[in-house]
Amino acid sequence: MRRETMAIHSGYDVDPTTKAVAVPIYQTVAYAFDSADHGAALFNLEVEGFRYTRIGNPTNAVLERRVAALEGGLEALCVSSGQAALTYAVLNLTELGSNLVSVPQLYGTTHTLFAHLLPRQGVTVRFAESDQPDAIEKLIDDQTRAVFCESVGNPAGNICDLEGLARVAHRHGVPLIVDNTVATPILLRPIEYGADIVVHSLTKFMGGHGTTLGGIIVDSGTFPWRERADKFPMFSRPDPSYHELVYVDHFKAAAFIARCRSVYLRTTGAVLSPLSAFLLLQGIETVALRVERHVENGRRVAEFLRRDRRVEWVNYPGFPDSPYHALAQKYLGGRACSLLTFGIKGGFEASKKFYDALKLIKRLVNMGDAKSLACHPASTTHRQMSVDQQRQAGVRPEMIRLNVGIEHVEDIIGDLDQALEAMESD
Ligand SMILES: *Cc1c(COP(=O)(O)O)cnc(C)c1O
């Protein structure tokens, strides 16, 4: 199946008991055992089935199969938010004293997790000077357990050279983890370029309507955990928290997701509600169509802003003179994302005036919604950072981040135009 078809059909046919065509919402906490022996077999993982929704749920399982298929992965685990997905993915392969090496251009909360939270749990994160593979490689040492990047950085808009980053990570025996939230598997499938683990905030383009938080971890199933037991003993040694289970023996290539589920989701519980899984699945059915329109509207809006004398700069990888243009051609098939940033002439104050004058375009911190949205990162998502850290993360004081929605493009441009006009008038 092509991705447009997978988005509608993967992971579900009709409900085996009721023949329901839409994915049923299994709003249940627990599942009955046929007998004590059946219960024991489920707990021993000898038979497949559900026990308790914190560990697995049939509606959530459809979402997991669908996104795994879209990303070309082996298995997936859905959780309550993108941040939970990132946290679990990292915790699952690190222990006290481990480090990660990350590109500097990150989503604000991910930066906070990496710079402030993980170090207090004994896992440090080394931020490279840039997203270039050689800048990453310089920071890798014996205690490194993963390389991390966003395929398309939010809000920086940089596009990572995934093949280069995967090569560097694999040369040092560690996996590449990619946050693919901005690109979506419609524009880019990181696993095809060597990524081992893909994470998503499903809250954004995948769900697509700004109604539902969710996250997912997808495993390619190709990282050799068993051969790398020196670095990743957690997959190969008996787990005392799960009756001495050895993940690579029992789950083989699916060890990563299995451990994430039976250790982190089971014990710390960032569970996605089945109703949320249903809403996200509804959204995913149209993700290919929506992304197509987002991309087209994004291009038209970028061209409008670039032509406008009141705009100082526009950062849009679709322009041939963008430093990321070649990477946009290679990794996004020339379809630059609809997330773009620009600066108004007149700096911070002018930008603020423009921002306040928007009418159709909402002022908020979200993206990937069908609605056009604008955000001022320096005062919101990235305000925890110093100005220096902001600059490294690709954030400038006068920068406006625009999520170009799927409204009629002339209405979006009309709103930008009237706000630019209002900015100039007194
Ligand atoms: C929004 C976002 C997240 C966090 O996702 P939530 O679902 O809000 O927790 C992580 N990474 C990126 C790139 C994001 O845009």
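A quick word on the model: it is predicted, so local features need pLDDT of at least 70, side-chain atom pairs count only at pLDDT 80 or more, and totals for chains, interfaces and linings use all residues. Residues are numbered from 1 along each chain as its sequence is written, and side-chain values use heavy atoms, with hydrogens and water left out.

| Residue | Protein atom | Distance to a ligand oxygen |
|---|---|---|
| Gln 83 | backbone N or O | 2.9 Å |
| Asn 154 | polar side-chain atom | 2.9 Å |
| Lys 204 | polar side-chain atom | 2.7 Å |

Taken alone, the ligand exposes 380 Å², and the protein buries 94% of that (Shrake-Rupley areas, 1.4 Å probe).

Now for the rings. The structure has 14 aromatic pairs, meaning Phe, Tyr or Trp rings (the six-membered one for Trp) with centres within 6.5 Å; planes under 30 degrees apart are stacked, over 60 edge-to-face, the rest tilted. Trp 225 and Phe 256 are stacked, because their centres are 5.4 Å apart with planes at 20°. Both residues are buried (under 20% relative accessible area, 1.4 Å probe, protein chains only). Phe 342 and Phe 354 sit edge-to-face instead, 5.7 Å centre to centre with 80° between the planes. Those two are buried as well.

Methods
Polar contact = N/O pair within 3.5 Å; in protein donor to acceptor, adjacent residues only side chain to side chain. Buried < 20%, exposed > 50% of the residue type's maximum accessible area, 1.4 Å probe, protein only.
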